[in-house]
Amino acid sequence: MAERVFITGMGMITAIGDNVAENLEQLRQQRSGLGYTSYIDTIYKQVLPVAEVKHPNDALAALAGIALREGYTRTTLLGLTAMREALQQAGITDVQTAPTGFINASTVGGMCDTEKVYFDIVDPAKEGTFLQYIDTLDCADCTQRIADTVGFSEHIATISTACSSSANALMFGARMIKQGFLPRMVCGGTEALTRFTLNGFNSLKNVDKQFCRPFDQQRTGLNLGEGAAYLVLESESFAKANNSRILAEFTGYCNANEAFHPTSPSPEGDGAYEAMKAALAMSGRTLKDVDYINVHGTATLNNDVSEGKALERLFGNDVPLFSSTKPFTGHTLAAAGAIEAIYAVLAIQQGLIFPNLNFTEKMEELNITPVTALMEGVSVNNVISNSFGFGGNNASLVISKYEG
């Protein structure tokens, strides 16, 4: 019989907090991290809202506990900051004390640095040290630098599946544990804001010039964000032998890649429906057991219709309480799945349902509306967390209260 998978450590940094506790407090206070960039040199500086981590790189290096040095991009520094907290919470002072794998997710890698010297690189007449930045461009560069700094030497991998990347990293880690390859995995993702992603999403005409409004009739697009989050996963046998503090159980997951369109989900939410249905089946929970859904909820015209229809197809007239937390953090792309998996654990631990900020008007295509005010003292035992990426790469996770 396959091992159960437990969550024993969590670490994060987002626009609303430098750690898990600060994120929880801002969620409780219903304070958004959206604003305007201080660190990106862009013509959209005071035009397009973003959710930016409120620290320059030298301050991030201090938070990560390292000296700022060449090659350590903002993406890497965000990841190291979140990693440090996750390991501390899990009581891990040295990852070499037990076989531990590392699955990281990123979509921009070191582009936050390489884009600054792009025009130097493409100019054949230019010479200088700027070529050294090319080495940091690869998404796996941040993975390797984090692994080298922390000391991971077992299985190390990088996943880049757009907005579902870190959800897929968590799935990959859980599968490694269930198949007996490793007893402990650290999985998640890191993502820095870049001109490239801001320009790219803006060219798709799905960036809102106001603060995003998921599942609202008047929504016009997303707001990008940055951050990092990692979760420590342990097999049941290892966690009990190690006397680990178990925060929650990772009971189900599924990736349903519908491949409907390069950037748009299927109109009826086929992939989202299949991902949630299969993840729930794997968890052994029923439809009625689901207490809360942290939806992907990007506030783009296509996503919210597609995801909403998938919810109605799966749950019928009894759709559970749901909300999008992206008005707090922005859409952090590769880091979103792990960030929102931590929010799922917090919902279970604290008995909270987080509000879907900025909602005012029900979508005409749907019969459902999100939770719009913080709900406290709620019994939350099972949470579905959705992360849907380009190409129809749909990932759904089920996180459950630990019952022993």
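**Entry 1: N393**

I began with N393, which is buried, with a relative accessible area of 9%; buried means under 20% relative accessible area, exposed over 50%, and partly exposed in between, using a 1.4 Å probe and protein chains only. I was looking at a predicted model, where local features need pLDDT of at least 70 and side-chain atom pairs count only at pLDDT 80 or more, while totals for chains, interfaces and linings use all residues. Residues are numbered from 1 along each chain as its sequence is written, and side-chain values use heavy atoms, leaving out hydrogens and water.

I found N393 in strand β12 (residues 393-400). Strands (E, at least two residues) and helices (H or I, at least four) are DSSP runs, numbered from the N terminus. Which residues does N393 touch, leaving aside its neighbours within four places in sequence? I noted T161, S164, N168, N255, N257, S387 and F388, with contact meaning heavy atoms within 4.5 Å. I also looked up T263: N393 lies 130 residues from T263 in sequence, and their C-alpha atoms are 10.0 Å apart in space.

**Entry 2: the cores**

Next I looked for nonpolar cores, meaning sets of buried Ala, Val, Leu, Ile, Met, Phe, Trp, Tyr and Cys residues joined through side-chain atoms within 4.5 Å. The largest one has 54 residues, and the members that touch the most others are I7, M10, L231, L233, F250, F354 and I399. Which helix gives this core its largest share? I found that helix α13 (residues 336-350) does, with 10 residues.

I then followed L231. Not counting residues up to four places away in sequence, L231 touches I7, G9, M10, L170, M185, V186, C187, A338, A341 and I342. There is also a second, separate core of 26 residues, and L87, I146, Y230 and V232 are included in it.

**Entry 3: helix pairs**

I turned to helices next. Two packed helices are described by the angle between their axes and the distance between the axes.

Axes are lines fitted to C-alpha atoms, for helices over the stretch in contact, and angles run from 0 to 180 degrees between N-to-C directions. I noted a right-handed crossing for α3 and α6; a crossing is right-handed if the near helix is turned clockwise from the far one by less than a right angle, and left-handed if anticlockwise.

From α3, the residues T75, T76, G79, L80, M83 and L87 meet C142, R145, I146, T149 and V150 of α6. By class, I listed 6 nonpolar, 4 polar and 1 charged residues in the contact of α3 with α6. Here Ala, Val, Leu, Ile, Met, Phe, Trp, Tyr, Cys and Pro count as nonpolar, Asp, Glu, Lys and Arg as charged, and the others, Gly among them, as polar.

My next pair was helix α2 (residues 57-64) with α3. Their axes come within 8 Å and cross at roughly 30 degrees, which means α2 is roughly parallel to α3. Is the crossing of α2 and α3 left-handed or right-handed? I found it left-handed. N57, L60, A61, A62, L63 and A64 of α2 meet R74, L77, L78, L80, T81 and R84 of α3. The contact of α2 with α3 has 8 nonpolar, 2 polar and 2 charged residues.

My last pair was helix α10 (residues 270-283) and helix α11 (residues 301-315). The axes come within 8 Å and cross at roughly 45 degrees, which makes α10 oblique to α11. α10 passes α11 in a right-handed crossing. I noted D270, A272, Y273, M276 and K277 of α10 in contact with A310, L311, R313 and L314 of α11. By class, this contact of α10 with α11 has 6 nonpolar, no polar and 3 charged residues.

**Entry 4: loops and a strand residue**

I also checked loops. L333, in the loop between α12 (326-329) and α13, has a positive phi of about 55 degrees although it is not a glycine. L333 is buried, with a relative accessible area of 4%.

G180 sits in the loop between α7 (165-178) and β5 (184-191). Is G180 buried or exposed? I found G180 exposed, with a relative accessible area of 59%.

Finally, I156 lies in strand β4 and counts as partly exposed at 28% relative accessibility. Leaving aside neighbours within four places in sequence, I156 is in contact with F102, T143 and A147.

Technical notes. Angles under 35 degrees count as roughly parallel, over 145 as roughly antiparallel, 65 to 115 as roughly perpendicular and the rest as oblique.
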